[in-house]
Amino acid sequence: MKGRVPMNLLETYNMIPCHGFTVNKAYCSSKAKGYLKETYVYTQWKTNIQTKMEDLPTLEELQVDPYTPMRVDIVFWLKDDTMDVNNFVKSFLDALETHYKKEVKDFDDVNFIDVRATKLLTYCDSFDKGQIFFKITNLTPDEILALSFTPAN
């Protein structure tokens with residue numbers, strides 16, 4: 001598996017043996033009721049990824065303070081190059097939030113203020129072989145300052 005992210009770097013990431021899920025397939029409209037509802041396949045994916053996330057390290061083990069702005073680096077190993085990596089980010093962030101709420105009840109993915117997503121340039125053979133690598137870190141005060149914006153008067 002070759003890609004923009006060297007494999008030796010991915011060894012420092014947490015790995016989930018699950019293909020990402022595109023937000024394009026997550027919801028469908030209910031014309032009769034006038035709202036969006038979650039698709040069956042998205043519900044299945046959420047159950048599947050939560051099972052595969054059970055052995056992930058805790059936030060404490062990761063030495064991450066969930067109340068301080070965080071950065072998450074995500075690397076998707078996807079089935080093919082027609083998939084837009086940005087479409088996989090939302091469903092994965094929601095999965096992280098669900099997982100870490102078990103440890104910290106008010107964990108919220110809104111505290112991921114720096115999100116970086118990459119797709120590997122070599123693709124897996126099938127959806128069964130997809131993988132998601134991620135790393136969560138707290139931002140330093142200088143990194144938070146660099147992301148701050150003060151509009152001109």
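User: In which strand does F76 lie?
Analyst: This is a predicted model, in which local features need pLDDT of at least 70 and side-chain atom pairs count only at pLDDT 80 or more, while totals for chains, interfaces and linings use all residues. Residues are numbered from 1 along each chain as its sequence is written, and side-chain values use heavy atoms, with hydrogens and water left out. Helices (H or I, at least four residues) and strands (E, at least two) are DSSP runs numbered from the N terminus. On that assignment, F76 belongs to strand β4.

User: Is F76 buried or exposed?
Analyst: The classes rest on relative accessible area: under 20% is buried, over 50% is exposed, and values in between are partly exposed (1.4 Å probe, protein chains only). The relative accessible area of F76 is 0%, so the residue is buried.

User: Which residues is F76 in contact with, leaving aside its neighbours within four places in sequence?
Analyst: Contact requires heavy atoms within 4.5 Å. The C-alpha atom of F76 is separated by 7.6 Å from that of H19, although 57 residues of chain lie between these positions in numbering. With neighbours within four places set aside, the contacts of F76 are G20, V85, F88, V89, F92, A117, T118, K119, L120, Q131 and I132.

User: Which residues is T22 in contact with, leaving aside its neighbours within four places in sequence?
Analyst: T22 is located in the loop between β1 and β2. Its relative accessible area is 17%, and T22 therefore counts as buried. Beyond neighbours within four places in sequence, T22 is in contact with N87 and F88.

User: How many Å does helix α2 reach from its first C-alpha to its last?
Analyst: Helix α2 covers residues 40–52, which is 13 residues. The expected span of a helix is 1.5 Å times one less than its number of residues. For α2 this gives an expected 18 Å, and the helix comes close to it, reaching 19 Å.

User: Which elements do the buried residues of α2 pack against?
Analyst: The buried residues in α2 are Y42, W45, I49 and Q50. Because they cover an arc of only 130 degrees around the axis, taken from the directions from the helix axis to the C-beta atoms, they lie on the same side of α2. The face turned away from this buried side carries the exposed residues Y40 and T47. The buried residues pack against β1, β2, β3 (35–38), α4 (86–101) and β6 (131–138).

User: How many salt bridges are found in the whole structure?
Analyst: A salt bridge places a side-chain nitrogen of Lys or Arg within 4 Å of a carboxyl oxygen of Asp or Glu. One of them joins R71 and D73 at 2.9 Å, N to O, with R71 buried at 19% relative accessible area and D73 buried at 8%. Another joins R116, partly exposed at 39%, to D114, buried at 11%, again at 2.9 Å. The search of the whole structure gives a total of 4.

User: What phi does Q63 have?
Analyst: Most residues other than glycine have a negative phi. Q63 is placed in the loop between α3 (59–62) and β4 (70–77), and counts as exposed at 73% relative accessibility. Although Q63 is not a glycine, its phi is positive, about 60 degrees.

User: Which pattern does the chain follow, read along the sequence?
Analyst: The chain has 5 helices and 6 strands. Read along the sequence, their order is α-β-β-β-α-α-β-α-β-β-α.
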